Amino acid sequence: MVLVSAVVRLDELTRLSVQELPGIGPARARALEALGVASIYDLVTYFPRRYIDRSRQVAIGEAVPGEQVLLVGRVVDARRIPTRGGRVLVEAQLVDASGKVTLTFFGQPYRAKQLSSIAGEVAVFGRVELFRRRRQMTNPLVDPIGDKTGAIVGLYSLKEASGLTSADIARAVAQVFSSYSEFVDVLPPSLRGYLGMYDSYQALWQLHFPSNEAARQAARRRVAFDELFLLQVKLAQLRAEREAAAVAMVHDTNPLLPGKARLVQEFLAGLPYDPTQGQLAALEEIAKDMSSDRAMHRLLQGDVGSGKTLVSVVAMLFAVQSGHQAVLVAPTEVLAEQHFRSITALVAETKTSDASTGRLFEGEPRPVTIDLLTGSTPAARRRKLLSELRDGYLDIVIGTHALFNDELEFTSLGLVVVDEQHRFGVEQRSALTDRVTAQQGSSPDTLVMTATPIPRTAAMTVYGDLDVSIIEGLPPGRHPIETQWARSPLEVAEAFALLREQVDLGHQGYVVCPVVDESTKLQVRAVTDEFERLQEAELAGLRLGLIHGKMPSKAKEEVMTAFRGQAIDVLVATTVIEVGVDVPNATVMIIEDADRFGIAQLHQLRGRVGRGAERSFCCLLSEADSDVARSRLEALVATEDGFALAEVDLELRGEGTVLGGRQAGRTDLKVASLSQDRELVLEARQHARAIVAEDRSLERHPRLRAMMQALFGEDEADFLLRS
């Protein structure tokens, strides 16, 4: 099919199938689609996963035994060799003008067919060894490169089912560039000139077919900037649209300043301790938002134990002080019940004495009223709670997903607090505020909290439409948690001996087993089996309790009550106790098969101890045999700083796991790295916000507007807004 023009806008390429390219028929198009490549835009942004610098390759005859090298040659005599025990061995010879090396593959039977079918040269990377005076490489990396020339050769990610090679993809990409002479740049000319970057056409070409390393790096910088910039433009638009559409609740003046309504000030004055500077700084930002003429949308980040709950209580009391109600939503009943107990205790002596000017309060002062709503709340109590909420007598309600029910009616909902916000679905988190906004004609303020720190660059990218507060530091009295990695049977035995020793001293502890899916019976049986085993083995004679996600709510609450009351010495659990559980007498956390947990989960679990005045310990039991698992555990042993661990996590797992569901399809970060491109993130954010501030709908930037529509569309824009 003849292409439309020699000059094309990138947004137009998103609508052109790869079959528009000469030489790409239905079969080849289906093969590309198996790689996620449907449009021409998908093809030109399907970048090499790595590069071979042929200027650095070593001739086979000059390869030094013991060193890792890059060799390029042709494969001959690839064949399977029978071995004792039925183990599969594939052997082949790699040959160039200087000599040959034997390639040996264990446990990879497909290699015989793969290597025999390769036409042209292959690149092989691995360690050269001498075996019977002959050069050999065992299980090296192998990349077919065909007849490619040039100093730097790009290699693409392939799926065996697609039947494509790197050379096939490179030819298809080259066909795009031979069909078009120019891609109309989406960046405003003034911005591209200011940044001093390649234009789109140059950048994309050099990323696929680098002329040298400097050109490749320059191309990467431009494409990374585009990815970050386009996402930041959308986030800036969402932020501007939300602020323009939302009518804020009417709140009192800043509650941290002298004034008539003193509910918050009296609460703070009655605390047995002073809030930390980090807490006060976050409260200043929240108070400024809540007393402004726009609805607050703020993310509150803080490390484990930094005191986010106190900050959220003050925010909720500010809403109450101003004559409104507040809700706090938690992802689990265990956490909701923990919040209910701790917050009720915190505000036990707090009265609405100076809030009588608010819409909810008239007449004599009364205590601030708080209640709990979960899926396990009895019907009679639920009816009473709903009535009190509707009539305005209930000031604060704490609960789980039950708070999203359409039955709930508020007199005046002023604040929604979402704890561990990443545990909620996209639609769930917005359902409550959307419904209340429609009923009241004004938007409640929203505070979302997380104790799973996100690197600052990631927070700007994932939550760029939110204001971000970070609680720096920990409250006084928190002691470091001594973390050790137990690998050998002796070290594991010592970990359980430490737990027994702490119980003998009057303390308590946890043993956590890994769980992937709390709904599956397999993991529940696993933790039950471990509970029974420990009763007969390492922890025989101690009082053990068991808790997991499949237990009825009443049973879970009975176990937690017994543990808090010190009727249980050791709680054997799944990750149901990952967040919110606060038992100061617990001093030992043992995590079994710790390599099966992510850094964030391990850090959260460790944070269940060290909450009292006593020395505390965390023991990671694992025989981790992968580099990534070892790196995770070594990081946990090295530091308790959640933000430092988040940076390590970003380095180890990449952007996908950090960005999660907020990105989809063409808006994925394919080139940009939030760990490596911190300056680009800041630069992209600055320029995106400046453009949107002057031209929110991008009427004066039609090329950029067209690209935004092509990438995000209405559905994805709505998805991002709601997430």
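Start by selecting R15, which sits in the loop between α1 (10–13) and α2 (26–33). Helices here are DSSP runs of H or I with at least four residues, strands are runs of E with at least two, and both are numbered from the N terminus. You are looking at a predicted model, where local features need pLDDT of at least 70 and side-chain atom pairs count only at pLDDT 80 or more, while totals for chains, interfaces and linings use all residues. Residues are numbered from 1 along each chain as its sequence is written, and side-chain values use heavy atoms, with hydrogens and water left out.

**Stop 1: around R15**

Is R15 buried or exposed? With a relative accessibility of 55%, R15 counts as exposed. The scale is this: buried means under 20% relative accessible area, exposed means over 50%, and partly exposed lies in between (1.4 Å probe, protein chains only).

Now show the side chain of D11: a polar contact of 3.1 Å links it to the side chain of R15. A polar contact is a pair of N or O atoms within 3.5 Å; within protein, one must be able to donate a hydrogen and the other to accept it, and residues adjacent in sequence count only if both atoms are side-chain atoms. Leaving out residues up to four places away in sequence, R15 touches R9 and A710, where contact means heavy atoms within 4.5 Å.

**Stop 2: salt bridges**

Move to R9, which forms a salt bridge with E12, the closest N and O atoms being 3.6 Å apart. The term means a side-chain nitrogen of Lys or Arg within 4 Å of a carboxyl oxygen of Asp or Glu, and by this rule the count comes to 28. R9 is partly exposed at 30% relative accessible area, and E12 is partly exposed at 26%.

Next, select D185 and R192, whose side chains meet in a salt bridge of 3.3 Å, N to O. D185 counts as buried at 7% relative accessibility, whereas R192 counts as partly exposed at 27%.

Then go to helix α8, where R216 and E213 lie three residues apart, about one turn of the helix. Their side chains form a salt bridge of 2.9 Å, N to O. R216 is buried at 15%, and E213 is partly exposed at 35%. To see a network, highlight E285, D289, R294, R298 and D467, which are joined by salt bridges that share partners.

**Stop 3: the nonpolar cores**

Which residues touch the most other members of the largest nonpolar core? They are L13, L43, F183 and F229, in a core of 71 residues. Helix α8 (residues 213–245) gives the largest share of this core, eleven residues. A nonpolar core is a set of buried Ala, Val, Leu, Ile, Met, Phe, Trp, Tyr and Cys residues joined through side-chain atoms within 4.5 Å.

Zoom in on F229: apart from neighbours within four places in sequence, it is in contact with L187, L191, A684, H687, A688, I691 and L704. A second, separate core has 39 residues, among them M296, V311, I398 and I471.

**Stop 4: the open sheet**

Switch to cartoon view and find seven strands in an open sheet with parallel pairing, in the order β13-β14-β12-β15-β16-β11-β17. Two strands pair if DSSP finds at least two bridges between them. β13 (370–373) and β17 (467–471) stand at the edges with a single partner strand each, so one side of each is left without a neighbour in the sheet.

Follow β15 next: seven of its seven residues are buried, so this strand is largely enclosed by the rest of the structure. Five parallel bridges pair β15 with β12, and V329 stands opposite V418 in β15. Five bridges also join β15 to β16 in parallel, with V416 opposite T446 in β16.

Finish with helix α11 (residues 308–321), which lies across β11, β12 (325–329), β14 (396–399), β15 (413–419), β16 (445–450) and β17 and runs at about 155 degrees to β12. Such angles run from 0 to 180 degrees between N-to-C directions, with axes fitted to C-alpha atoms, for helices over the stretch in contact. Helix α13 (residues 379–391) also packs on the sheet, touching β12, β13 and β14, and its direction makes about 130 degrees with that of β13.
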